[in-house]
Structures are given as C-alpha cells and as structure tokens.
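Subject: Structure for your files

Hello,

Here is the structure we spoke about, with the sequence. My notes on what was found follow below.

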Amino acid sequence: MVARIFVVGLALAALAVPLIATEAAVDLSGLVTVSGRAAANAVVWLDAGAASVARTPNAVLRQRSLKFAPQVLAVRAGTVVDFPNDDRVFHNVFSFRDGKRFDLGVYPVGSTRQVTFTNTGVSRLFCNIHPNMAGYVVVVDTPWFATSDAEGRFHIVDVEPGTYTWQAWRATGPVASGSISVRAGAVLEVAWP
Ligand SMILES: [Cu+2]
C-alpha cells in the first residue's frame with residue numbers, strides 16, 4: 001500500500017512539469033479605435049517592472065517622399081535610431097519640444113545620421129526645410145510594445161503570461177491605460193472615446 005501511494009506521488013510530480021511548461025510566452029493581439037474607428041499609429045505597451053534589459057538592434061526612421069517613415073516609431077530605451085535620407089531632396093531632422101532634443105542639420109540624399117534615445121518619452125520630429133513633415137519617436141521602458149497598423153491592429157510578441165498594466169499613446173489624444181491578463185488567446189482592446 002505504501003508503495004502504491006509512492007507511485008501515485010511520482011505520477012503527479014510528472015504531471016506538474018507540463019503544467020509549468022504551458023506558461024510559455026504568448027503573443028498579445030489587439031485593436032485600437034478612436035470614436036469607434038480603427039486607428040493607426042498608436043503605440044501600445046505593457047509595463048514590464050524590472051524586465052531584463054537586452055541590447056536592441058538599431059531602429060530606422062527614413063525620410064522618403066517628403067515624409068518621415070514610419071510617422072510613428074516606437075523603440076525601447078537605449079535604442080539607436082538611424083535617420084537615413086532616402087529621398088530625392090535634402091532634409092533636416094530636429095526635435096526641440098519634448099523628449100530628446102537634437103538637430104541633425106541639413107543632410108543630403110543617401111546619407112544618414114544617428115540618435116540614441118536613452119530616456120522614455122515622446123520626441124516630436126520636424127524638418128526645417130519642409131514644415132509639413134512631422135514624426136514621432138516614442139521611447140518605452142519595456143520589451144513589450146507595438147504600433148497599430150492601418151487597420152488599427154497590433155501584436156505584442158513573446159509576453160510572459162501574467163497581469164499587466166497597459167498604456168497606449170497617440171499623437172492627438174491623452175495616454176490611455178488599463179489592466180490586462182495576458183494568456184494564450186488574450187485580446188487587448190484600446191478604445192479612445
Ligand atoms: Cu524635409
């Protein structure tokens with residue numbers, strides 16, 4: 001009888017292993033709307049607490065067809081952003097209001113400049129040759145962030161299951177926030193009124 005109980009105990013211990021293994025990272029999908037309409041270029045992120053800081057590859061924000069592309073670039077703090085001029089005319093890139101302040105000067109087609117975004121916050125980008133050019137670099141302190149596409153959809157990949165505070169930014173509205181329980185199949189709906 002004692003032996004049988006021991007065997008049952010071993011079997012339960014074996015079961016426990018796959019239960020822990022199901023806590024693998026998951027992808028969190030979501031939809032951003034403003035007044036009920038899908039909204040592009042919103043940045044959504046999950047607060048990470050003391051997440052480990054990995055080295056991030058350089059991000060790229062181009063000047064092309066008299067626009068910044070992408071118009072909104074989200075990066076993790078510490079990321080170097082390349083600003084190549086992929087257009088047919090000279091451009092300048094500067095940020096003077098919030099976030100990182102810099103002025104890359106006027107530079108020609110085919111050349112690039114770099115800026116390291118160390119601190120969290122939003123930098124507004126302008127070009128002093130083309131007043132209609134506007135862009136944003138949104139710096140977050142988490143590995144879990146994404147930018148909504150033209151259909152308002154976003155995907156935050158490789159999230160450890162758990163409960164998180166989420167935040168969402170867009171250029172013309174207040175920051176939104178809430179709580180989300182992240183598990184397989186979870187969906188985050190970010191809706192500005
Ligand atoms: Cu320009």
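Setting aside neighbours within four places in sequence, the contacts of Ala-146 are Val-44, Phe-154, His-155 and Ile-156. Please keep in mind that this is a predicted model. Ala-146 counts as buried because 22 C-beta neighbours lie inside 10 Å, and the cut-off for buried is 20 or more. Val-75 is 71 residues away from Ala-146 in sequence, yet the two C-alpha atoms are 9.0 Å apart in space.

Ala-146 belongs to strand 14, which covers residues 145-147. Strand 14 pairs with strand 3 (residues 43-46) in the antiparallel sense, over three bridges. Within this pairing, Phe-145 of strand 14 stands opposite Trp-45. In general, strands of a sheet pair through backbone hydrogen bonds, in either a parallel or an antiparallel way.

Both strands are part of an open sheet of four strands, in the order 14-3-16-17, with antiparallel pairing. Strand 14 and strand 17 (176-182) are the edge strands, each pairing on one side only. From one strand to the next, the twist averages 20°.

As for the protein overall, it has 18 strands and one helix. It has 193 residues, of which 27% count as buried; Ala-146 is one of the buried residues. Taking contacts between residues at least 6 apart in sequence, 60% join residues at least 24 apart.

Regards

Notes. Residues are numbered from 1 along each chain as its sequence is written. This is a predicted model: local features need pLDDT of at least 70, side-chain atom pairs count only at pLDDT 80 or more; totals for chains, interfaces and linings use all residues. Helices (H or I, at least four residues) and strands (E, at least two) are DSSP runs, numbered from the N terminus. A residue is buried if 20 or more other C-beta atoms lie within 10 Å of its own, exposed if 12 or fewer, and partly exposed in between; C-beta atoms are placed from the backbone. Two residues are in contact if their C-beta atoms, placed from the backbone, lie within 7 Å. Two strands pair if DSSP finds at least two bridges between them. Axes are lines fitted to C-alpha atoms, for helices over the stretch in contact, and angles run from 0 to 180 degrees between N-to-C directions.
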